[in-house]
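Thanks for making time, everyone.

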Amino acid sequence: MKTIKYLTSKVTFLFVVLFLMITSCEREISDEAVIATFSSNPEVFIDGFSAGLDYYPYLDSKFSAFSVDTETKYQGTASMRFDVPNEGDPEGAYAGAIFRDDNGGRDLSSYDALTFWAKSTKAATINEIGFGQDFGENKYQVNINGLRLTTNWVKYSIPIPTASKLTKESGLMWFSEGPENGDGYSFWIDELKFEKLGTIAQPRPAIQNGQNIITDSYIGVNVQVAGLTQTFNLASGNNQTVSVSPNYFDFSSSNPSVATIDANGLVNVISDGTSIITAKLGTLDAAGSLEIKSSGAFVLAPTPTRNPEDVISIFSDHYENVNIDFYNGYWQPFQTTLSADFNINGDQILNYTNFNFVGNRFSNPTQDVSVKSNLHLNMYIPGQVPANFDFLITVVDFGPDQKDGGGDDTREQLFVRKSSKIVANEWITIEFPLTLANKNNMGQIIYENINFSSLRNVYLDNIYFYK
């Protein structure tokens, strides 16, 4: 009996040992597979594409804008060359592309910046350049707006807000740049790679561009938190601000029964009352906030009844809109206006907060409104009408060259003065006849406070020309 018992125990022990060995081996193989799948290779372009990297130009960009240059380089044998087209280039209006890792992504969690050397044929400013765009979620997108280049090689750094999130990042670099004053130019990038500099310091995150914004809202409104940035101090002593995806932030609502907010920074107003939206990036409190003041149910703008054939629509859900360059160009350095556009049951509404001036541009192509002799728009002023209300609308015809500021522009100013017709918390209809002599290359509408008007929040809808 003792022998049998001993043998049984021994067999059981062997099974336990084998099980533990097999489980251990499987766990080790799995760990090795993860490491092998997500490379931590920091190189993007060093004399050529790194393994798995490919070039994906944007659909409406100039496909041939990128090339590998063996003549001009910072060091080594080659650099990336980008040829920004002239305005009107039939191959594309701008240069723009994503450089993506097609091997499943890379583990960039041990680095703190994307760095590169760059120069250009003239002093120029790249509109946007960064990493994190992958033609997918673009979950951890980061970019610099307005990167200034010189004709000499300069090293640039784009800091990573939270490197621990980049364990499987495919979007290794992206950029978008158009002609400057109508003219194209060339620029080069070399030694493009992720680095652990150790000199990226003093991170300062912000939402709403660091401002405490108060906005009136209504049940069913979705509001996107805007102005998401983080500012770092670089080894040079200069501060560098980057635009940051909302997925780097942790958002919170002071009163979730009034307004909730999701991981993408989208606020959903669900009842009347007040709630303040704030955020953290890692352990740091973000500067700025968005205070939602909900007044309950919202009444939409009046439904337009004009025949679509008599209308050239700039913004309306009831007509087909023309091609729009932008509804808010964020003109620097004096514009303070932010966009907090929202929709209610699919009806889109332009919402301008911290308002001083803003523009709608529709120049590709410009619009012939010579037979559409009037301008219509609906305006809603939430809260109350300022005592010093004074609102100016300017329509701009870009002239035969169809260029803003090309020397042949003409404009007409339409004044909206305070009167008994200008009321708060309901839609106002504003219509003007256009007396401008040239109206066949209309390209822009500008709205602005004048004479120190303190209007700071306004909604617009149904913006169109009509006859």
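Let's start inside. Leaving aside neighbours within four places in sequence, which residues is Ile-129 in contact with? Here they are: Phe-116, Val-142, Asn-143, Ile-144, Leu-147, Ile-158, Met-173, Trp-174, Phe-175 and Ile-189. Keep in mind that this is a predicted model.

Now zoom out from Ile-129. The largest nonpolar core has 76 residues. Ile-129 is among those with the most contacts inside it, along with Phe-99, Met-173, Ile-189 and Phe-249. As background, nonpolar side chains in soluble globular proteins tend to be buried together.

Next, the whole chain. How many helices and strands does it have? One helix and 33 strands. Of the 467 residues, 49% are buried. Take contacts between residues at least 6 apart in sequence: 73% of them join residues at least 24 apart. The C-alpha atoms fill a box of roughly 110 × 65 × 45 Å along the principal axes.

The chain exposes about 22100 Å². Carbon and sulfur atoms supply 51% of that area. On charge, count 32 positive and 53 negative side chains. The centres of those two sets lie 7 Å apart.

That's the tour. Over to you.

Methods:
Residues are numbered from 1 along each chain as its sequence is written. This is a predicted model: local features need pLDDT of at least 70, side-chain atom pairs count only at pLDDT 80 or more; totals for chains, interfaces and linings use all residues. Side-chain values use heavy atoms; hydrogens and water are left out. A nonpolar core is a set of buried Ala, Val, Leu, Ile, Met, Phe, Trp, Tyr and Cys residues joined through side-chain atoms within 4.5 Å. Buried means under 20% relative accessible area, exposed over 50%, partly exposed in between (1.4 Å probe, protein chains only). Contact means heavy atoms within 4.5 Å. Helices (H or I, at least four residues) and strands (E, at least two) are DSSP runs, numbered from the N terminus. Accessible areas come from the Shrake-Rupley method with a 1.4 Å probe; for residues, only the protein chains shown count as cover. Lys and Arg count as positive and Asp and Glu as negative; His and the chain ends are not counted. The place of a charge is taken as NZ of Lys, CZ of Arg, CG of Asp or CD of Glu.
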